[in-house]
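Visitor: Please take one loop of this model and look at it closely. Then carry on from there to the other places worth a stop.

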Amino acid sequence: MAETAVSCEGVSVRFTTERGTVTALDRIDLTIPRGSFLTLLGPSGCGKSTLLRVMADLIAPSGGRVAVFGGTPSSARLKREIGFVFQDPALLPWRTVLDNVTLPLEVGGGKALPGARTPQQLLELVGLNGWETAYPHELSGGMRQRVAIARALVSGPRLLLMDEPFGALDEITRDRLNEELLQVWSSTGTTIVFVTHSIYEAAFLGQQVLLLAARPGRVRELVPVTLPMPRHLGQRETPEFTALAGHLRRVLETC
Amino acid sequence: MADAFAADAEGEARFRQRRRYLAWRRRLLPIVAVVALLYAWSESIELFDIKPFIAPSPQAVAAVLYDRFGILMANLLPTAIESILGFALGNLAAVVVATVFVWRKTVEEAMFPVAVMINSIPVVAKAPILVLLLGNGMEPKIAVAAIICFFPTLVNMTRGLRDVRPEQLELMRILSARQSEVFLRIRVPNALPYLFSALKIAASTAVIGAIVGEWIGSTQGIGALILQATFNFDSPLLYATIVVGSVFSALFFGVISLVERRMLRWHTAHKE
Ligand SMILES: Nc1ncnc2c1ncn2[C@@H]1O[C@H](COP(=O)(O)OP(=O)(O)OP(=O)(O)O)[C@@H](O)[C@H]1O
Ligand SMILES: [Mg+2]
């Protein structure tokens with residue numbers, strides 16, 4: 001197997017509030033190979049976001065060990081190896097599209113990793129050239145999300161964590177962005193971990209689909225996707241795809 | 001993507017025409033209202049036969065504005081200086097204190113109740129205290145104007161610096177941003193709309209503060225002229241003085257709004 005991007009060994013996360021302690025993740029074991037595309041699927045509240053946030057060093061696990069590119073998540077973050085796309089694009093409304101994309105180059109020591117594309121190239125990649133000087137409020141939801149993706153890629157991260165980035169979009173836009181994302185992935189070689197609620201999105205994008213069960217959040221099944229690469233939307237009509245989606249649905253119903 | 005900008009000359013012309021129409025409407029409607037009010041005022045003076053020392057006619061006020069323009073302006077100057085300086089000092093202090101509050105919550109917890117207490121003393125009560133402390137020159141008037149501006153700006157600015165969307169903070173953490181970078185690139189721009197709301201209030205209240213300050217021991221300024229005209233039953237002069245004060249206050253407000261519009265293009269643009 002290729003080198004490892006992320007490995008989790010017995011990772012648990014517990015939150016303590018007035019209402020008691022919630023076990024969001026319970027002893028997760030997981031290995032994500034470098035350059036792979038993993039999708040995370042599971043019922044609401046099963047800990048998908050929490051797992052991404054542990055990898056991104058936004059929260060520390062209550063137990064177990066997480067390694068990102070062989071080091072701690074925090075060292076990976078400091079080396080700017082991690083890009084994160086939130087469910088809400090989280091653009092800064094006072095900055096233009098271009099200035100939003102270049103933000104990662106201005107703060108926290110600010111340099112891009114070797115091989116990173118320029119902001120201009122990234123805007124072209126996500127189909128937003130010509131919009132550099134627009135403000136976020138002038139863009140549609142899908143365009144904002146594409147700006148957020150360009151911003152996450154500008155430092156040339158080796159691990160891209162995406163938390164339901166297309167959740168709020170209509171099917172057609174979502175399909176197009178899915179194809180664009182696969183193109184970005186194949187042209188950058190970035191490792192992607194992608195959270196979604198959509199069975200079809202999970203099956204279409206991932207090389208592997210990780211199913212999480214809720215309360216407590218546990219690994220239910222790791223399903224390999226055998227559809228050939230490069231993917232195209234037509235593949236969703238094949239019997240293979242239908243069988244895979246059916247399988248995912250059946251497992252999900254028991255989570 | 002080029003097709004997103006496809007030339008639609010007709011649509012653009014309609015858009016511009018509508019914008020022109022709205023702009024003129026916005027300018028003309030208040031003028032119509034003011035003219036109507038002046039007319040109603042002038043008519044009621046005649047209708048109810050109101051004596052000039054009780055309330056003057058608009059014509060009499062206009063005559064004073066014209067004949068005694070020099071005196072009015074000579075009295076506006078100190079008031080303008082006091083309110084502008086007070087505005088600058090009071091707001092600057094509020095911004096600095098808000099920054100400290102956000103930087104160390106403990107300071108806010110200790111000091112905010114004190115600020116509330118000082119704020120709850122009426123201006124007319126603060127003014128004599130400040131005259132005793134600072135003497136009879138411009139200083140106590142500047143101080144009253146500054147104090148009156150301070151509180152609304154402090155509250156708004158603290159809120160603006162603090163009410164940052166959590167995703168934006170998480171984004172900055174992923175980018176390993178330093179505290180100072182979070183402050184300058186997230187908190188400060190986030191606070192600007194709040195700050196300008198407060199500054200627009202302060203533009204009017206600073207003038208009120210300076211005038212109230214002048215009521216306590218002063219021989220010049222809009223405040224002093226108001227007292228003088230009242231004691232002499234010179235109601236046309238009283239009204240003319242008030243008009244001058246209000247016009248100055250409105251201009252002050254207008255300048256702040258203009259600066260706001262230029263600095264917050266990203267914010268005001270989508271409200272219109
Ligand atoms: N900051 C927090 N404080 C307390 N509990 C939390 C916190 N964050 C998450 N949780 C709890 O942890 C569990 C998992 O949350 P998480 O956000 O990871 O779920 P999710 O799988 O992303 O759900 P969704 O699909 O709805 O986004 C939930 O039960 C939630 O209540
Ligand atoms: Mg979530």
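This is a predicted model: local features need pLDDT of at least 70, side-chain atom pairs count only at pLDDT 80 or more; totals for chains, interfaces and linings use all residues.

Guide: Helices and strands are DSSP runs, numbered from the N terminus; a helix needs at least four residues and a strand at least two. F69(A) sits in the loop between β4 (63-68) and α2 of chain A. Its phi is near 50°, which is positive, and F69(A) is not a glycine. Most residues other than glycine have a negative phi. Is F69(A) buried or exposed? Buried means under 20% relative accessible area. F69(A) has 12%, so it counts as buried.

D49(B) lies in the loop between α1 (9-47) and α2 (58-67) of chain B. Exposed means over 50%. The relative accessible area of D49(B) is 54%, so D49(B) is exposed.

Back in chain A, look at the peptide bonds. Most peptide bonds are trans. The bond from R215(A) to P216(A) is cis, with omega near -10°. P216(A) is in the loop between β8 (208-213) and β9 (218-224) of chain A. Another cis bond joins M229(A) and P230(A), with omega about -5°. P230(A) belongs to the loop between β9 and α8 (239-253) of chain A.

Next, the ligand. The shell around ligand 1 holds 14 residues; S44(A), K48(A), S49(A), T50(A) and H197(A) come nearest. A polar side-chain atom of T50(A) is 2.4 Å from a ligand oxygen. For K48(A), a side-chain N or O atom is 2.7 Å from an oxygen of ligand 1. For E164(A), a side-chain N or O atom lies 3.4 Å from a ligand oxygen. Taken alone, ligand 1 exposes 630 Å², and the protein buries 65% of that area. Three elements of chain A give two or more residues to the shell: β1 (4-17), β2 (20-33) and α1 (48-55). Of the elements, α1(A) gives the most, with three residues. By type, the shell divides into four nonpolar, seven polar and three charged residues.

Helix α1 of chain A returns when we turn to chain B. Helix α7 (residues 166-174) of chain B has these buried residues: E167(B), Q168(B), E170(B), L171(B), M172(B) and I174(B). What do they pack against? In chain A, the partners are α1, α2 (73-78), β5 (82-85), α3 and α5 (141-153). In chain B, the partner is α8. Note α2 of chain A in that list: the loop of F69(A) ends at this helix.

Helix α3 of chain A is also on the list. N100(A) is found there, in residues 97-106. At 0% relative accessibility, N100(A) counts as buried. A polar atom of its side chain lies 3.0 Å from the backbone oxygen of R95(A). Leaving out neighbours within four places in sequence, N100(A) is in contact with L91(A), L92(A), R95(A), P136(A), V147(A) and R151(A).

Helix α8 of chain B spans residues 179-215 and includes Q179(B). Q179(B) has a relative accessible area of 66%, so this residue is exposed. Q179(B) and A93(B) are 86 residues apart along the chain, and their C-alpha atoms are separated by 22 Å.

For contrast, go to helix α6 (residues 139-162) of chain B, where T158(B) sits. T158(B) has 6% relative accessibility, so this residue counts as buried. Setting aside residues up to four places away, T158(B) touches A98(B), F101(B), V102(B), E108(B) and T153(B).

Last, the confidence values. The predictor gives the complex an ipTM of 0.88 and a pTM of 0.83. Chain B averages a pLDDT of 90, and 96% of the residues score at least 70. Among the elements of chain B, helix α3 (residues 69-103) has the highest mean, 95. The lowest mean, 76, belongs to helix α11 (residues 265-268) of chain B.

Definitions and conventions: Residues are numbered from 1 along each chain as its sequence is written. Chains are lettered from A and ligands numbered from 1 in the order in which they are written. Side-chain values use heavy atoms; hydrogens and water are left out. pLDDT is the predictor's confidence in each residue, from 0 to 100. A residue is near a molecule or strand if one of its heavy atoms lies within 4 Å of it. A polar contact is a pair of N or O atoms within 3.5 Å; within protein, one must be able to donate a hydrogen and the other to accept it, and residues adjacent in sequence count only if both atoms are side-chain atoms. Accessible areas come from the Shrake-Rupley method with a 1.4 Å probe; for residues, only the protein chains shown count as cover. Ala, Val, Leu, Ile, Met, Phe, Trp, Tyr, Cys and Pro count as nonpolar, Asp, Glu, Lys and Arg as charged, and the others, Gly among them, as polar. Buried means under 20% relative accessible area, exposed over 50%, partly exposed in between (1.4 Å probe, protein chains only). Contact means heavy atoms within 4.5 Å.
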